[in-house]
Amino acid sequence: PTLTDAEQEDLALTSAEDAILFVPVSIADDDITLNLLGPFVVNRATRRGRQLVLADSDYSVRAPITIGA
């Protein structure tokens, strides 16, 4: 995701390499989905992070993934 200047400043990010991106995962029985609209961005050095809300995105809150063959 693209962070605003304020979000980058809040997390003390000076480059993309400073950040780690996490995506929430939901598991219910055999149904595994990713919340691509609410990723977490964390500064590698400070471990300060925040969840983003990608409201103007076509990504899904429940993007399915398949494990195995």
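The confidence that the predictor assigns to each residue is called pLDDT and runs from 0 to 100. For this chain the mean pLDDT is 93, and 99% of the residues reach 70 or more. The structure is a predicted model, in which local features need pLDDT of at least 70, side-chain atom pairs count only at pLDDT 80 or more, and totals for chains, interfaces and linings use all residues. Numbering starts from 1 along each chain as its sequence is written, and side-chain values use heavy atoms, with hydrogens and water left out.

Confidence in the chain is highest in strand β4 (residues 40-43), with a mean of 98, and lowest in β6, with a mean of 92. Strands are taken to pair if DSSP finds at least two bridges between them. On this basis, three strands make up an open sheet in the order β1-β4-β5, with antiparallel pairing. Its edge strands, β1 and β5 (49-51), each pair on one side only. Neighbouring strands of the sheet are turned against each other by 20 degrees on average, direction ignored; the axes behind this angle are lines fitted to C-alpha atoms, and angles run from 0 to 180 degrees between N-to-C directions. Between β1 and β4 there are four bridges, and A19 stands opposite N43 in β4.

Another antiparallel pair is formed by strand β2 (residues 25-28) and strand β3 (residues 31-34), joined over four bridges. Here V25 has L34 in β3 as its bridge partner. The two strands, β2 and β3, form a hairpin with two residues between them, and D29 in the turn has a positive phi of about 55 degrees. The C-alpha atom of D29 is separated by 13 Å from that of T66, 37 residues apart along the chain. T66 itself belongs to the segment after β6 (63-65). T66 counts as exposed because its relative accessible area is 70%, exposed meaning over 50% with a 1.4 Å probe and protein chains only.

Attention now turns to the largest pocket. A pocket is an open set of points, on a 1 Å grid over the protein atoms alone, where a 1.4 Å probe fits, with protein on both sides within 12 Å along at least five of seven lines; lining residues have an atom within 4 Å of a point. The largest pocket holds about 190 Å³ of space. Its lining includes P1, L3, Q8, L13 and V41, and strand β1 (residues 19-22) provides the largest share, three residues.

Conventions:
Buried < 20%, exposed > 50% of the residue type's maximum accessible area, 1.4 Å probe, protein only. Points joined across faces, edges and corners; volume = space filled by probe spheres on them.
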